[in-house]
Amino acid sequence: KKFREMWAKDWERYWQKWEGDQWRKQRPLSLHQAVVNVVFSSVETFIGHIGQSVPPVRARARHYQHQKKGELYTKLLLYEDEANEFDSESVQANRSAAVVGVGWWRVDWDENANGGRGDVRYRPVDAKFVFVSPNARKLDEASYVIEARNVPIEFVRKTWESGKNVPPGVW
């Protein structure tokens, strides 16, 4: 918990700077425009290098008899990357990783995708809305991972039995 607190206290401030919200507030004298420009350009350069250095997806078979399966998986992975616009969508997760230290992805099944047949969808998630159990130092040790997001009330009522008890309006 102490390890997480050491960094968590600054995350909001970093995100405010990143999103340009620091201009609405009084900026400390120690953080002048030159510092902001250096940090911004460093992060954006880093993101460009990361995005350009990702190798093409390739599934390799461990045994010769599985070589055809490896080729099939490679085609499937390339299709999913293209269908999910991985090249452009990965920028947000890379930026989050550069600023906060971790980038999050959400993997879902979209029933309406692929002409109504359904397909896998993965999208980056803003790190500000992901909460990991506080005692975990690694994701394997986490008791839970929560993603906070606004959802329509119809979704809540349809998904959970007790959702019908949710009152209408903003709460």
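Strand β2 (residues 119–125) is largely enclosed by the rest of the structure, because five of its seven residues are buried (under 20% relative accessible area with a 1.4 Å probe, protein chains only; exposed is over 50%, partly exposed in between). This is a predicted model: local features need pLDDT of at least 70, side-chain atom pairs count only at pLDDT 80 or more, and totals for chains, interfaces and linings use all residues. Residues are numbered from 1 along each chain as its sequence is written, and side-chain values use heavy atoms, without hydrogens and water.

**Overall layout**
- The protein has five helices and four strands (DSSP runs, H or I of at least four residues and E of at least two, numbered from the N terminus).
- From the N terminus, the order is α-α-α-α-β-β-β-β-α.
- Of the 171 residues, 22% count as buried.

**Strand pairing**
- β1 (residues 104–110) pairs with β2 in the antiparallel sense over seven bridges (pairing takes at least two DSSP bridges).
- Trp105 has Pro124 of β2 as its bridge partner.

**Core**
- The largest nonpolar core has 11 residues, among them Trp15, Val43, Ile47, Trp104 and Val125 (buried Ala, Val, Leu, Ile, Met, Phe, Trp, Tyr and Cys joined through side-chain atoms within 4.5 Å).
- Helix α2 (33–53) and strand β3 (130–132) each supply at least two residues of this core.
- Leaving aside residues up to four places away in sequence, Trp15 touches Ser96, Val100, Asp126, Ala127 and Lys128 (heavy atoms within 4.5 Å).

**Helix α3**
- Leu77 lies in helix α3 (residues 67–83).
- Leu77 is partly exposed, with a relative accessible area of 38%.
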